[in-house]
Amino acid sequence: MSFVYCIAAVVIVSSVRNVKAQLAAPDGVPNVFDKDLYESVLNSDLCRSQITHMKFENQVLLLRFFDLGFRVPTGIMDNVNTNDFGDYFKCLELNADSQDPPIKGKYCAVTVPLNQDLRLPFLDGQFNGRDLLSDQIRRKGMDPEVVFKAIEQRSDDSNTGGIFDDLTFRFGICMPQTCTTDQWVSEVFANVSAIGFKYEEEFCRLPDDRPWVAADYVAIAIFSTLVALTVASTCYDLHCTFTLKKDKKQISPLLSSFSIYTNTRRLTTFSSNANTLDCLDGIRAISMMWVILGHTFSMYNTFVNLLEVIDFLVSTPATFVQSGVFAVDTFLTMTGILLIYTSVGKMTTKSLLKTLHVFYINRIMRLFPLLGAVVLLEASVFHRIADGPYWLTVARNVERCRNWWWSTILYVQNYVNPNDICIQHSWYLAIDMQLHIISPLILVWVYSGRRRLAWAGLSGGILAVLVASTVFNFMFDLPSSNASLVRLGEQADYMEKFYQNTLTRGSPFFFGMAAGYLLVLTKGKKIKLPLAFVLVAWIIALSMFSTVFYMTYEVMQLEWRNQLADNLYNSFARPIWAIALCWLVFACVHGYGGPINWTLCLPMWKIPARISYAMYLFHYSFMFIAASMQIRPLYFTVAQSLFDFLGHLFLTTLTAFIVTVLIDSPFSTLTKLLLSGGQKRPRRPPPEVKASVEGQPENGNTRI
């Protein structure tokens, strides 16, 4: 626990999402704002005149600028709260006509490094920013010098520089639009450089500083077209169904493809038989909620009670939140299972090679419509629906999508621009697509119809990815978590080289393929397993899950110093998770799941499972918007975060349902018509090749 109180500010300011890196473009402010507007309002002579006017003729107005801007952060001594936003909205609304032209408000944010020496006349000697943290450390019964030395040694070892270089205060300042930050500070306050005070302007904001660009007009055109198609298709469908009383087979699937009525009925209609893998509905829905829960706890930029936040991060209850990263491995495992389970028996090696282009087109078209919609929303609409002192977080995402939209829709963003990904969590889709691209190397063996060749191909794939990823992890000696508190300086390196890397994240997919093939071989058969075997298998599987949870807790502790264990964790934690999950699915399918299977097969999971892809795409964007609307540092409590989770879950579920009906389902229908030559496919495939999860594509190309 010795590092907790020293790096509290770093953890929150940087946050799990590396907020500081997102906020600042190379030249300070993202290009999505009107920089010409900022420059056009600056006038040093007019600024000086306005300041003089306020000092000697309108002190009340000067006090208003002070009141809407800088103040000492609440809890700066007890909780190391390093942020105060001022009053962002009131500052931008300020418009005083006591002079001509009127004095209008401008909001700026400045950062003040903590590690600087201040020469204050009322103190004997120098005041160093470290004293603030030293006091907190002493009150916790620890020796500050020992802690500082340990931190600096750790930083030197990782070649990331002194950890205190990233410690900053952040303040909001309200000033006249005509002034620069330097001019306002020097003429209103004092020449702070004389006492060694250093600060840096992070950004400035003005009203109406978001210009209309091509992306906005493209968004209006595309979404207006979708609305028109939806209205026309729905009217046609309702007219044929209720006015003309036509049979469903007589209604054109093309003309009714955008019908809200038909798509809603299809989305909420369920069927099942003995060959479906109903337990995957529950796994998918619960995993999606787990992702939203984990992101909820890391969404906000600043908290008042930083020390309590750090205490929670290293606590046992936080382990469940931090382990949410394994939900991604759950999705990859299920994708591998379904890819094999829904296609073996319908294809041969020869037919696969002949229709390989169809295999890829189907996968691309299944993912693209909603992904394209989110990219367009991020590049335009989301930038305009709200605002706040942390809106640069959203603005940075907007800039990424305007610059790198093409790498996202080509699914190469995790390699081409890993540090500037449009739709930051879309790296998973890139990995998923890349695994599908290489999957035919295994499928040609599985579709051969010869079990030995199939198992040889599956085993070879698993062995190859395990060996390659293990060698890779031992070569780079990376941290074992993207939220490792003692190795924050390596976070970007970890995300690029491990977390978003198909090689290091691909093993669950291959284990899932093996499990899917096993389920194919046992499909429709009554598997009788000895009770002792089942009990031992469940004990082993639960122990594997528990081991992953325990190691997740251990690697988050501030005393953790074990690079060998980090490398082993990175290499084998996810395969272990996938193996345990494969047994869980196998046991549930063949009647050995007990209450676990009953829970996972509840009908309430059906709709969340079907819309989980849309939930995954939209939830994080909503969280960025909510966090960027934050007008002051929040007081962290677990209860408040859980309440926020429920709110985000409801909003995400509602939005996901709507966009699935309006965008995903129509394009899914069009894709099927295109790939089947314009003819409707049978409503229900033969039992032996029944899709394992309702709503999933028949070729097994499952989405989240």
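## Cys240 and Cys582

Cys240 counts as buried, at 2% relative accessibility; buried means under 20% relative accessible area, exposed over 50% and partly exposed in between, for a 1.4 Å probe and protein chains only. Cys582 is buried as well, with a relative accessible area of 13%.

## Basis of the values

The structure is a predicted model, in which local features need pLDDT of at least 70 and side-chain atom pairs count only at pLDDT 80 or more, while totals for chains, interfaces and linings use all residues. Residues are numbered from 1 along each chain as its sequence is written, and side-chain values use heavy atoms, with hydrogens and water left out.

## Disulfides

A disulfide is a covalent bond between the sulfur atoms of two cysteines. Here a disulfide is taken as a pair of cysteine sulfur atoms within 2.5 Å, and by this rule the count comes to four disulfides. With bonded cysteines counted along the chain, the pattern is 1-5, 2-4, 3-6, 7-8. Helices (H or I, at least four residues) and strands (E, at least two) are DSSP runs, numbered from the N terminus.

Cys91 and Cys174 are both buried.

The link of Cys108 and Cys204 is right-handed, with 105° about the S-S bond. Cys108 sits in strand E3 (residues 103–113) and Cys204 in strand E7 (residues 200–205), distant parts of the chain that are 96 residues apart. Cys108 counts as buried at 0% relative accessibility, and Cys204 counts as buried at 9%.

## Cys401–Cys422

Cys401 lies in helix H18 (residues 392–409), whereas Cys422 lies in the loop between helix H19 (413–416) and helix H20 (427–438), so the pair ties together parts that are 21 residues apart in sequence. Cys401 and Cys422 are both buried.

## Helices H15 and H27

Helix H15 (residues 326–341) and helix H27 (residues 563–589) have axes that come within 10 Å and cross at roughly 55°. That makes H15 oblique to H27. Axes are lines fitted to C-alpha atoms, for helices over the stretch in contact, and angles run from 0 to 180 degrees between N-to-C directions. Angles under 35 degrees count as roughly parallel, over 145 as roughly antiparallel, 65 to 115 as roughly perpendicular and the rest as oblique.

H15 passes H27 in a right-handed crossing, the near helix being turned clockwise from the far one by less than a right angle. Contact (heavy atoms within 4.5 Å) is made by Phe326, Asp329, Thr330, Thr333 and Ile337 of H15, and on H27 by Tyr569, Ala573, Arg574, Trp577, Ala578, Leu581, Cys582 and Val585. The residues of this contact divide into nine nonpolar, two polar and two charged. Ala, Val, Leu, Ile, Met, Phe, Trp, Tyr, Cys and Pro count as nonpolar, Asp, Glu, Lys and Arg as charged, and the others, Gly among them, as polar.

## Ser621

Ser621 is found in helix H30 (residues 612–628) and is buried, with a relative accessible area of 2%. Leaving aside neighbours within four places in sequence, Ser621 is in contact with Val374, Glu378 and Phe382.
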